[in-house]
Amino acid sequence: MTENMMSTEDRFTPDVTLRRNDAQHRYELLVGGKLAVQSFYQDLPGHIDFSHTETSPDFEGQGLGKVLAHFALDDVVAAGKRIIPHCPFIAAYLRKHEGYEQCVDWPERAPRTGLGA
């Protein structure tokens with residue numbers, strides 16, 4: 001007999017939207033239409049250079065940044081581009097999660113972007 005226990009997935013709100021906003025050069029995670037997490041990037045020939053990620057104070061500590069990182073990185077790989085993780089959050093995510101190793105150019109080996117680290 002199995003017991004019906006509430007898990008983290010059961011508490012996660014279904015009203016989550018993930019999208020790439022090319023006009024603002026960022027990936028976005030919205031909860032109930034409100035911007036919760038955004039990860040900024042520069043679109044370069046053959047690369048997406050992530051500069052920083054921000055979580056709105058109301059949504060901190062809920063793991064939403066990880067959800068957005070996974071979505072954004074999968075999108076970059078699906079587009080056939082390589083990842084440059086100048087963003088400390090994206091870099092940490094890449095170090096903890098397998099599957100992206102062949103698609104990452106770490107900043108010390110990445111082409112010059114004209115951006116500061």
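Strand S2, residues 26–31, is mostly covered, since six of its six residues are buried (buried means under 20% relative accessible area, exposed over 50%, and partly exposed in between, with a 1.4 Å probe and protein chains only). Helices (H or I, at least four residues) and strands (E, at least two) are DSSP runs, numbered from the N terminus. The model is predicted: local features need pLDDT of at least 70, side-chain atom pairs count only at pLDDT 80 or more, and totals for chains, interfaces and linings use all residues. Residues are numbered from 1 along each chain as its sequence is written, and side-chain values use heavy atoms, with hydrogens and water left out.

**The strand and its partners**

From S2, Arg26, Glu28 and Leu30 point one way, while Tyr27, Leu29 and Val31 point the other way; all are buried.

**Glu28 within the strand**

Glu28 has its place in strand S2. How buried is Glu28? Its relative accessible area is 1%. The side chain of Glu28 is joined to that of Arg19 by a polar contact of 2.4 Å, and to that of Arg26 by one of 2.5 Å. A polar contact is a pair of N or O atoms within 3.5 Å; within protein, one must be able to donate a hydrogen and the other to accept it, and residues adjacent in sequence count only if both atoms are side-chain atoms. Leaving aside neighbours within four places in sequence, Glu28 is in contact (heavy atoms within 4.5 Å) with residues including Thr17, Leu35, Val37 and Leu68.

**Helix H3**

In helix H3, residues 88–96, the buried residues are Ile90, Ala91, Tyr93 and Leu94. Seen down the axis of H3, these fall within an arc of 160 degrees, so they line one face of the helix; the arc is that of the directions from the helix axis to the C-beta atoms. An α-helix has 3.6 residues a turn, so residues three or four places apart point the same way. Pro88, Arg95 and Lys96 are exposed on the other side of H3. Among the elements that cover the buried residues of H3 are S3 and helix H2 (64–78).
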